[in-house]
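Subject: Structure for your review

Dear colleague,

Please find below the structure that I am handing over to you. My findings follow it, and I would be grateful if you read them with the structure open.

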Amino acid sequence: LEAYSTSMLARNPDPAVIKTLENHLADMRTDLRQKNFDSLQTNKTLFYHALFEASGNKQLTTMLKQLRARNALIRGADHRRAERMKESVDGAAKVLKAVKSGDVEEAAKASHAHLERAADMAIDALRGVTELKTVN
């Protein structure tokens, strides 16, 4: 769904939406440099909400926002937070670059690749929590 939403924006990149995404990405980069996980999560949420809302599909936007909210529990359990923070910023930057290019297929690929990396890291985070609990 996220890749679809991203590709919809790439079909017709709205300059105002692009500027909003650029601003949120800049804030995310600042948060990464400062290792401010909470602020990065807030700015990442704003980035993706703007991306989803640009699709113009209210149902899709609602579903994607709900899915992101559910994943917040996993984010809080991650013992490799710094690595995941970098991936968040890098992934958002690649998605934005693809959207700005207007290449629908590349935008979908960038979004999908980012989601796969994020999913792999989330699974590793859950394994780490399980291992920590087993050891304790």
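A residue is called buried when its relative accessible area is under 20%, exposed when that area is over 50%, and partly exposed in between. K100 has a relative accessibility of 46%, so it counts as partly exposed. Please keep in mind throughout that this is a predicted model.

Overall architecture

The protein chain has 136 residues, of which 38% count as buried. Its secondary structure consists of 6 helices and 0 strands, so that the order of elements from the N terminus reads α-α-α-α-α-α. The accessible surface of the chain is about 7,800 Å², and carbon and sulfur atoms make up 53% of that surface. Among contacts with a separation of 6 or more, 73% are between residues 24 or more positions apart.

The buried residues are E2, A3, S5, T6, S7, L9 and A10.

In soluble globular proteins, nonpolar side chains tend to be buried together. In this model, the largest nonpolar core contains 26 residues, and those with the most contacts inside it are L21, L25, M28, F47, L51 and V99. Two or more residues of this core come from each of α1, α2 (15-33), α3 (37-53), α4, α5 (81-101) and α6 (104-135). Helix α5 provides the largest share, 8 residues.

Which residues does F47 touch, if those up to four places away in sequence are not counted? They are L21, H24, L25, M28, A92 and L96. Of these, H24 is located in helix α2; its relative accessibility is 15%, so H24 counts as buried.

The C-alpha atoms of F37 and R84 are 9.8 Å apart in space, while the two residues are 47 apart in sequence.

Salt bridges

Side chains of opposite charge can pair when their charged atoms come close. The structure holds 3 salt bridges.

- E22 and K100 meet through their side chains at 2.7 Å, N to O. This pair links distant parts of the chain, as E22 is in helix α2 and K100 is in helix α5, 78 residues apart. E22 is partly exposed, at 27% relative accessible area.
- D90 and K86 form a salt bridge whose closest N and O atoms are 2.7 Å apart. Both lie in helix α5, 4 residues apart, so about one helical turn separates them. D90 is partly exposed at 29%, and K86 is partly exposed at 43%.
- E87 and R117 meet in a salt bridge of 2.9 Å, N to O. E87 belongs to helix α5 and R117 to helix α6, so this pair ties together parts that are 30 residues apart in sequence. E87 is buried, with a relative accessible area of 12%, whereas R117 is partly exposed at 29%.

A surface patch

L1, M63 and L67 form a nonpolar patch on the surface, and together they have about 250 Å² of accessible area. L67 lies in helix α4, which covers residues 58-76. With a relative accessible area of 42%, L67 is partly exposed.

With kind regards

Terms used
Residues numbered from 1 in each chain as written. Predicted model: local features only at pLDDT ≥ 70, side-chain atom pairs only at ≥ 80, totals over all residues. Heavy atoms only, no water. Patch = residues over 30% accessible without salt bridge, like charges linked within 9 Å, V, L, I, M, F, W, Y side chains within 5 Å. Areas by Shrake-Rupley, 256 points an atom, 1.4 Å probe, with all protein chains shown as cover. Salt bridge = Lys/Arg side-chain N within 4 Å of Asp/Glu carboxyl O. Buried < 20%, exposed > 50% of the residue type's maximum accessible area, 1.4 Å probe, protein only. Contact = heavy atoms within 4.5 Å. Core = buried A, V, L, I, M, F, W, Y, C linked by side-chain atoms within 4.5 Å.
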